[in-house]
Amino acid sequence: MEFGFTPDEQAFRDEVRRFTAEHPPARFPLDGMDAGYGSGAHSRAYLNVLGARGWLAMTWPRAFGGAERPMFFKLVLLEELARAGAPFGPLVGCWQTADAIIEYGSERLRAEVLPAIARGEATFWQGYSEPGAGSDLLALTTEAKRDGEHWIIRGHKIWSSHAGIATHGLVFTRTSRQARRSRGFSMFVVPNTTPGLDIRPIRSLTGEVYHYEVFLDEVRVPADLMLGPEGEGFQALLNGLDSDRFWGRYYKAPALERVLGQLVDYANTTTVNGAPLARDPVARRRLASLATEIAALRALFYRAACRLRDGAPITYETAVAKVMADELGQKLARLGMDLLGPWGPLRAGSRRARLDGRIAHEYLTSLGHTIAGGTAEILRTTIAVRGLGLPADKRS
Amino acid sequence: MDFTLSPAQQLLVATARDFLGKHCPPDMAQRLALDERGFDGALWRRMAELGWLGLLGPADLGGSEGSLLDVILLVEEMGRVALPGPFVTSAVVATSLLLAAGSAEQRRRLLPALAAGERITTLALVEEDGAADPLALGLRCQVDGHLTGTKLFVKDAHLADDLIVALGGGELLLLPSDRPGVARLPLETLSGDKAFEVTFDGVEVRAADWLGAPERGADALTAALTAGTLARTAEMVGAAQRVLDLAVEHARTRVQGGRPIGGYQAIQHACADLVRDVDASRGLLHLAAWKVSEGLEASADVATAKAYAGEACLTVARRGHQIFGAIGYCEEHSLHLLHKRIQAASVDFGDAAWHLETVAKAIGLR
């Protein structure tokens with residue numbers, strides 16, 4: 001048992017810290033909304049700089065232009081970027097797509113898309129959910145039909161983050177009717193410039209655009225833009241879920257720690273009813289209690305990280321961490337609103353807004369986190385059935 | 001970073017799981033919890049033979065040179081079976097104190113006897129205000145002179161041959177428990193933990209009764225309280241893991257409405273939360289114990305582990321009762337004893353509120 005980072009990992013951490021100090025987030029133009037996960041806003045300019053440092057491809061095999069750095073370097077990078085409040089929104093999605101392309105992408109995807117990911121130019125939206133297929137993804141109706149060397153996709157996707165500003169969609173479709181409901185699905189990498197795509201913004205409860213809905217009308221896609229084995233797309237998706245849940249939330253613990261630090265500073269410098277807020281026993285205890293929960297969350301993620309690194313079986317470990325990350329984020333935002341009192345509901349940019357209105361933004365955006373990427377309810381069922389061996393409910 | 005146990009730790013845990021399963025079945029834990037003395041001498045001697053009672057000590061004093069992390073892994077297993085007896089009291093807390101503060105003569109006289117299971121030592125710390133804070137102690141004594149006052153919640157005092165008495169200035173006394181003027185009055189606990197009010201009525205104290213050098217008492221006490229805090233946390237984690245295991249087994253096998261209750265989402269989701277609570281508590285415990293074992297600054301980590309696990313493990317026990325339904329209400333069922341032990345441990349060596357104040361300072365609250 002050993003809980004430290006290696007000298008190599010520590011040296012890389014120092015390197016990233018120098019980088020974040022030299023590249024203050026405020027200097028970078030933002031293209032898309034910060035959805036509050038801790039990865040900041042979508043900023044292609046920031047991604048380009050990360051690409052220029054070689055960090056986007058650092059863990060890839062050398063044959064694909066990578067540097068074969070160990071997986072833990074990604075943990076270190078995410079922690080330091082989150083700690084700095086950097087806008088690296090699409091980063092993890094790019095990494096996950098790259099890993100899939102390296103694992104089973106066509107020559108074309110490897111030749112065209114991978115280098116664009118490495119440079120920070122390619123970003124991706126997920127075309128999974130549909131109006132009638134949310135938690136029950138298999139209810140989707142978007143279909144792809146083979147036509148010679150092409151597939152023709154017809155359907156309607158929704159809740160696709162950053163679809164309007166990304167370069168490619170990962171479109172999950174039915175490619176054949178099979179007796180088993182979970183067979184016959186395939187994934188396509190669809191460039192946003194493909195004719196027949198109609199990408200429409202959905203304004204979110206913050207007033208900004210994060211999600212899009214995408215109408216696919218006879219979208220013609222070359223066959224070698226299929227990602228993964230034909231008809232086995234759902235299994236591939238399931239196989240990647242544990243890793244997706246992990247990487248999609250890993251940076252949340254350092255990000256929450258950052259917000260907690262802002263609230264501590266606020267409590268230290270704010271007087272309420274004639275006394276320092278930091279000395280209010282309820283505020284003090286709630287902040288300290290949140291700090292213990294963030295530490296607990298970090299421990300869950302570290303354990304899951306070691307299992308992923310070592311190839312140890314994962315049945316519930318990343319699902320538990322995701323649910324805790326999302327619920328803890330909501331709890332912290334709620335505490336922040338309580339501490340801010342009448343200033344809490346002031347939005348960013350308002351006169352008199354405190355902490356730049358960030359807490360209000362956290363409060364609203366965190367509502368979506370227990371829904372996106374598997375609802376807390378679906379995940380609890382997964383933990384119970386797959387992790388604890390409780391009987392599956394056939395009706396759920 | 002590596003969460004896996006070393007081969008030696010795996011052996012320790014496997015041995016403990018096997019031994020405690022055989023020698024401390026649930027009916028025995030329950031019987032000893034209700035028993036006034038609550039001590040099985042044969043079991044204690046076997047634990048000595050396994051090297052557990054001297055796990056923390058050096059080899060030349062009968063110890064087996066384990067780390068605090070090793071101790072924590074062992075105590076988790078003890079927590080699983082709600083093991084009664086003075087292990088944490090004597091083999092962890094008092095042993096830590098003797099190691100850190102004892103004179104060469106005191107260490108030679110006591111540590112081999114503690115490791116062999118021939119003597120038991122306990123710490124008298126808490127006073128009327130209930131605080132586990134050494135800085136809050138009021139008991140004072142002239143040396144040479146006479147000690148008069150009261151200590152509360154002294155564990156296993158009825159078994160102890162020696163008492164280590166913490167004084168308000170941070171000094172420590174080492175007194176034989178049968179010295180005239182010492183009285184041990186039992187407190188009746190829910191958990192079956194044997195706790196006492198110990199009164200000192202003009203007890204004669206000489207310079208030879210200092211535990212080591214008086215000025216080294218405060219640091220030794222801090223180290224011992226850290227060990228005790230983590231040991232009690234380990235007990236909670238082990239007990240909560242057991243509650244989780246039992247609850248899952250019950251949910252798999254208890255049939256209502258034509259199917260196992262574990263098929264209902266209400267039960268599934270409750271069990272999923274228990275997993276989080278147990279795993280997160282254990283993660284914090286191991287991290288803190290590792291840091292202490294490595295000699296790193298860990299006061300905030302220790303406080304974090306105790307505060308978090310205290311809340312989380314108690315929640316596990318309470319939700320466990322709901323999952324078990326009526327059967328968990330019975331004395332013959334294991335659940336209530338595990339619950340009571342968690343409850344007792346959660347307020348021992350500082351309750352959540354006290355440790356959260358340490359965390360509050362560590363995160364920078366003024």
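Reader: In β6(B), which residue is the bridge partner of B:Arg184?
Author: B:Val198 is the bridge partner. Strands here are DSSP runs (E, at least two residues), and helices are runs of H or I of at least four, all numbered from the N terminus.

Reader: What am I looking at, and how is it numbered?
Author: This is a predicted model: local features need pLDDT of at least 70, side-chain atom pairs count only at pLDDT 80 or more, and totals for chains, interfaces and linings use all residues. Residues are numbered from 1 along each chain as its sequence is written, while chains are lettered from A and ligands numbered from 1 in the order in which they are written.

Reader: Back to β5(B). How many bridges pair it with β6?
Author: Six, in the antiparallel sense; β6 covers residues 195-205 of chain B. Two strands pair if DSSP finds at least two bridges between them.

Reader: What sheet has β6 in its order?
Author: An open one of three strands in chain B, ordered β2-β6-β5, with antiparallel pairing. Its edge strands are β2 (145-155) and β5 (182-187) of chain B, each pairing on one side only. The twist averages 10° from strand to strand, with axes fitted to C-alpha atoms and angles running from 0 to 180 degrees between N-to-C directions.

Reader: And what is the pairing in the β1-β3-β4 sheet?
Author: Mixed; that open sheet of chain B has three strands. β1 (121-124) and β4 (172-176) of chain B each have a single partner strand, so one side of each lacks a neighbour in the sheet. Here the twist averages 25° from one strand to the next.

Reader: Do β1(B) and β3 run parallel or antiparallel?
Author: Parallel, joined by four bridges; β3 of chain B spans residues 162-166. B:Ala124 stands opposite B:Val165 in β3(B).

Reader: New topic. How many helices and strands are in chain B?
Author: Eleven helices and eight strands. The radius of gyration of chain B is 21 Å, close to the 21 Å that the globule rule gives for 366 residues, so chain B is as compact as a globular protein of that length. That radius is taken over C-alpha atoms, and the rule is 2.2 Å times the number of residues to the power 0.38.

Reader: How many residues does each chain bring to the contact?
Author: Chain A brings 41 and chain B 39. Contact requires C-beta atoms, placed from the backbone, within 7 Å.

Reader: Which helix gives the largest share on chain A's side?
Author: α8(A), with 15 residues.

Notes
Two residues are in contact if their C-beta atoms, placed from the backbone, lie within 7 Å.
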